[in-house]
Amino acid sequence: MTVRSTMAGYSAYTPSTSYTPSTSYSPPETWQSGHATFYGDESGSETMGGACGYGNLHDSGYGFETAALSTVMFNNGNACGTCYEIKCVNSKWCFTDAPSIKITATNLCPPNWYQANDAGGWCNPPLSHFDLSKPMFMKIAEWTAGIIPVSYRKVSCARTGGIRFQFQGNPYWLLVSVLNVGGDGDISQMWVKGTETDWVFMSRNWGASFQAFSKLGGQSLSFKLQNAAGQIVIAYNVCPIYWSIGLTYEANTNFY
C-alpha cells in the first residue's frame, strides 16, 4: 500500500501498471558499445524483484522496461534507478528500423568467474552488459540470437509523481527503499530527519535501500536525498507521526 504526502494529509494511491522512461534527455550522453542478453520468458515474471530492492516491478511502476546491469555498471548498487537508451547494432539479429528501447536498472547481472568474458561470462568486469527482460529484448532483436551487440547511453528518467519511500525495519532501525526517482534516477546519499531529531545520515544497506540506526518512531519524517551529480532534493513530512512498517509513502517532490 502506498500513501501520498499532500498538503491536505495522506490519501490512498494506486500505482501505475506501466512506465516509460524519459523520451528526452538533457544533455544526451555519447553512445557507447556493449552487449545485451535476456532472462526469463515473455511473461517477465523472473525479472520481478532484483538486487535494487524494488519488489514487484509492476507495483513499483517500472514494468517490463528494466534490465540487470553487469558488475561494473551496477557499481555496488549506485546505479539502481538509472535509465538507459539501448539499440541493437551490427548484427543480423537486429530488427530492421527497430526503435531504440529505454529501460531502468533494477537488478545485478552477477559475474561468472568460471566462464570467459566472451564465452558466457558476459557480466564479468570490465564488460558493459544489459540482461534485459525478454519482452524488451524482443523489441529490438530476434530472441533466438541469445546475445547481441548494442549501443547505449544514459538518459534522464521521467517519472510520474513524487519519490516513494518504502518502509521496513522497526522504530529503532529504519530501512527505506527509494523508488520512482526522476532525473538521473540514482541516489548516492540520503538523510532522515524526525520532528524531534537533527538530520541523521542513512548508510546504503543494499541496492536502493538505505538504513538509519536511530529512534524515529512516533515522529513525522523528512528525507534529504543527493544524487551522484550532487543535486539535492528535500522531501518534507513524507509520513505522518504514526507511520507504519510495510507501507510506502510518496513525497510531493522529485528530481526533474
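This is a predicted model: local features need pLDDT of at least 70, side-chain atom pairs count only at pLDDT 80 or more; totals for chains, interfaces and linings use all residues.

Colleague: How many disulfides does a search of the whole structure find?

Modeller: Four. A disulfide here is a pair of cysteine sulfur atoms within 2.5 Å.

Colleague: And what's the pairing if you number the bonded cysteines in sequence order?

Modeller: It goes 1-2, 3-8, 4-5, 6-7.

Colleague: Let's start with Cys83 and Cys157. How far apart are their sulfur atoms?

Modeller: The sulfur atoms of Cys83 and Cys157 sit 2.1 Å apart. This pair links distant parts of the chain, 74 residues apart: Cys83 is in strand 5 (residues 83-88), and Cys157 is in the loop between strand 8 (148-155) and strand 9 (164-170). Strands are DSSP runs of E with at least two residues, numbered from the N terminus.

Colleague: Is that disulfide right-handed or left-handed?

Modeller: Right-handed, because the torsion about the S-S bond of Cys83 and Cys157 is about 125°.

Colleague: Are Cys83 and Cys157 buried or exposed?

Modeller: Both Cys83 and Cys157 are buried. Buried means under 20% relative accessible area, exposed is over 50%, and partly exposed is in between (1.4 Å probe, protein chains only).

Colleague: OK, what about Cys88 and Cys94?

Modeller: They form a disulfide with sulfur atoms 2.0 Å apart. The S-S torsion of Cys88 and Cys94 is about -75°, so that disulfide is left-handed. Cys88 has a relative accessible area of 15%, so it counts as buried, and Cys94 is buried too, at 17%.

Colleague: And where do Cys109 and Cys123 lie?

Modeller: Cys109 and Cys123 are bonded, with their sulfur atoms 1.9 Å apart. Cys109 and Cys123 both lie in the loop between strand 6 (101-108) and strand 7 (129-133), so the pair ties together parts that are 14 residues apart in sequence. The torsion about the S-S bond of Cys109 and Cys123 is about 85°, so this disulfide is right-handed. Cys109 is buried at 10% relative accessible area, and Cys123 is buried at 4%.

Colleague: Last topic. Where is Ser209, and what does it touch?

Modeller: Ser209 is in strand 13 (residues 209-212), and at 0% relative accessibility Ser209 counts as buried. Not counting residues up to four places away in sequence, Ser209 touches Cys52, Leu175, Val176, Ser177, Ser203 and Arg204. A contact means heavy atoms within 4.5 Å.

Colleague: How far is Gln166 from Ser209?

Modeller: Gln166 and Ser209 are 8.9 Å apart in space, C-alpha to C-alpha, and 43 residues apart in sequence. Gln166 lies in strand 9 and is partly exposed, with a relative accessible area of 22%.

Colleague: Which residues is Gln166 in contact with?

Modeller: Leaving aside neighbours within four places in sequence, Gln166 is in contact with Gly53, Leu175, Val176, Ser177, Leu179, Leu247 and Thr248.

Technical notes:
Residues are numbered from 1 along each chain as its sequence is written. Side-chain values use heavy atoms; hydrogens and water are left out. Helices (H or I, at least four residues) and strands (E, at least two) are DSSP runs, numbered from the N terminus.
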